[in-house]
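Me: I am new to this structure and would like to learn how to read it. Please take one feature at a time, with the general idea ahead of the case.

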Amino acid sequence: MRARDKAAVSALRSTLAALDNAEAVPVDEAALRGAALEHAPVGVGATEAARRELSEHGVVAVVRAEAAERLEVAAQLTAPAHAERAAQLRAEAAVLLGFLDGPATV
């Protein structure tokens, strides 16, 4: 952020959000359908659930998926009017892949 690298900031913020979503507690659909209000747990911490912890492999997979998604969208933006957005997406993907492939220069 201090370096004012917009591509890096954008890529890192969205990837952190993707990692946060990947660690979220899975929702049990059966419990949602049959849950009556009078059977809901009450009290402090009654609805707390432990979040999933991603392994290093899981984190790498999420980051690679985020980079691949950016590259795929950039490849689809072929019109000259979208050249700037495609370049931004490629720069964001390069930032993410830089973290996986070697030391970051950001």
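Me: How do I read contacts, and which residues does T15 touch, leaving out those up to four places away in sequence?

Reply: Contact means heavy atoms within 4.5 Å. With residues up to four places away in sequence not counted, T15 touches V63, E66 and L96. This is a predicted model, in which local features need pLDDT of at least 70 and side-chain atom pairs count only at pLDDT 80 or more, while totals for chains, interfaces and linings use all residues. Residues are numbered from 1 along each chain as its sequence is written, and side-chain values use heavy atoms, with hydrogens and water left out.

Me: Is T15 buried or exposed?

Reply: Buried means under 20% relative accessible area, exposed over 50%, and partly exposed in between, using a 1.4 Å probe and protein chains only. T15 has a relative accessible area of 4%, so T15 is buried. A87 has a relative accessible area of 43% and is therefore partly exposed.

Me: In which helices do T15 and A87 lie?

Reply: Helices (H or I, at least four residues) and strands (E, at least two) are DSSP runs, numbered from the N terminus. T15 has its place in helix α1, and A87 lies in helix α4. The C-alpha atom of A87 is separated by 9.6 Å from that of L77, 10 residues apart along the chain.

Me: How many helices and strands are there in the protein chain?

Reply: The protein chain has 4 helices and 0 strands. Read from the N terminus on, its elements run α-α-α-α.

Me: How do I check the span of a helix, and how far does α1 reach from its first C-alpha to its last?

Reply: The expected span is 1.5 Å times one less than the number of residues in the helix. Helix α1, with 17 residues, reaches 24 Å from its first C-alpha to its last, close to the 24 Å expected. Helix α3 has 21 residues and should span 30 Å; its end C-alpha atoms are 30 Å apart, which agrees. Helix α4 (residues 83-101) has 19 residues and reaches 26 Å, close to the 27 Å expected.

Me: Which residues of α1 are buried, and what do they pack against?

Reply: In α1 the buried residues are A7, A8, V9, A11, T15, A18 and L19. They pack against α3 and α4. The buried residues of α3 include V63, E66 and R70, and their cover includes α1 and α4. In α4, A86, L89, E92, A93, V95 and L96 are buried, with α1 (6-22) and α3 (56-76) included in what covers them.

Me: How do I read a helix crossing, and at what angle do the axes of α1 and α3 cross?

Reply: Axes are lines fitted to C-alpha atoms, for helices over the stretch in contact, and angles run from 0 to 180 degrees between N-to-C directions. Angles under 35 degrees count as roughly parallel, over 145 as roughly antiparallel, 65 to 115 as roughly perpendicular and the rest as oblique. The axes of α1 and α3 come within 10 Å and cross at roughly 130°. That makes α1 oblique to α3. Among the residues that make the contact are S14, T15 and A18 of α1 and V59, V62 and V63 of α3.

Me: What is the hand of the crossing of α1 and α3?

Reply: A crossing is left-handed if the near helix is turned anticlockwise from the far one by less than a right angle, and right-handed if clockwise. The crossing of α1 and α3 is right-handed.

Me: How do α3 and α4 cross?

Reply: Their axes come within 8 Å and cross at roughly 155°. Helices α3 and α4 are therefore roughly antiparallel to each other. Their crossing is left-handed. The contact is made by residues including V63, E66 and A67 of α3 and L89, A93 and L96 of α4.

Me: At what angle do α1 and α4 pack?

Reply: Helices α1 and α4 pack at an angle of about 65°, with their axes 8 Å apart. That makes α1 roughly perpendicular to α4. The crossing of α1 and α4 is right-handed. The residues in contact include A11, L12 and T15 of α1 and E92, V95 and F99 of α4.
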